[in-house]
Amino acid sequence: MTKRIAVLGALGILVVLVAFSLSQEGQRTFAHITGEPQSEALVNPNTGEAVTLEAIQNEAEWRKDTAEKLRDLD
């Protein structure tokens with residue numbers, strides 16, 4: 001019985017260590033596990049506005065078009 005308790009305790013500690021290692025901050029992991037909402041959003045440092053998926057896709061498309069135009073100039 002004591003071996004079982006020791007094994008379960010070791011597994012529990014392992015789970016906690018993995019949870020902490022997967023997060024940048026320990027609080028984020030436990031907030032995610034408990035279902036607390038995360039209010040952090042990516043912010044554009046130049047404009048201060050929230051970054052959206054549409055803005056990222058537009059930027060990627062612009063960079064692709066610009067790279068093609070620059071290759072055509074050579």
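A salt bridge is a side-chain nitrogen of Lys or Arg within 4 Å of a carboxyl oxygen of Asp or Glu. By this rule, the count here comes to one salt bridge. The model is predicted: local features need pLDDT of at least 70, side-chain atom pairs count only at pLDDT 80 or more, and totals for chains, interfaces and linings use all residues. Residues are numbered from 1 along each chain as its sequence is written, and side-chain values use heavy atoms, with hydrogens and water left out.

**Helices and confidence**
- The chain has three helices and zero strands; helices (H or I, at least four residues) and strands (E, at least two) are DSSP runs, numbered from the N terminus.
- From the N terminus on, the order is α-α-α.
- The average pLDDT, the predictor's confidence in each residue from 0 to 100, is 78 for the chain.
- A score of at least 70 is reached by 70% of the residues.
- Helix α3 (residues 53-73) has the highest mean pLDDT among the elements, 92.
- Helix α2 (residues 26-34) has the lowest, 54.

**The salt bridge**
- E59 pairs with R63 in a salt bridge, and their closest N and O atoms are 3.0 Å apart.
- About one helical turn separates E59 and R63, because they are four residues apart in helix α3.
- R63 is exposed, at a relative accessible area of 53%, while E59 is partly exposed at 36%.
- Buried means under 20% relative accessible area, exposed over 50%, and partly exposed in between (1.4 Å probe, protein chains only).

**Surface and patches**
- The chain has 74 residues, and 5% of them count as buried.
- It exposes about 7,100 Å², with carbon and sulfur atoms supplying 60%; accessible areas come from the Shrake-Rupley method with a 1.4 Å probe, and for residues only the protein chains shown count as cover.
- Patches are made of residues with over 30% relative accessible area and no salt bridge: like charges are joined within 9 Å, nonpolar side chains (Val, Leu, Ile, Met, Phe, Trp, Tyr) within 5 Å.
- V7, L8, L11, L14 and V18 make up a nonpolar surface patch, with about 460 Å² of accessible area together.
- L14 sits in helix α1 (residues 2-22) and counts as partly exposed at 49% relative accessibility.
- A patch of negative charge on the surface gathers E61, E68, D72 and D74.
- D74 lies in the segment after α3 and counts as exposed, at 82% relative accessibility.

Conventions
Lys, Arg positive; Asp, Glu negative; His and termini not counted. Charge placed at Lys NZ, Arg CZ, Asp CG, Glu CD.
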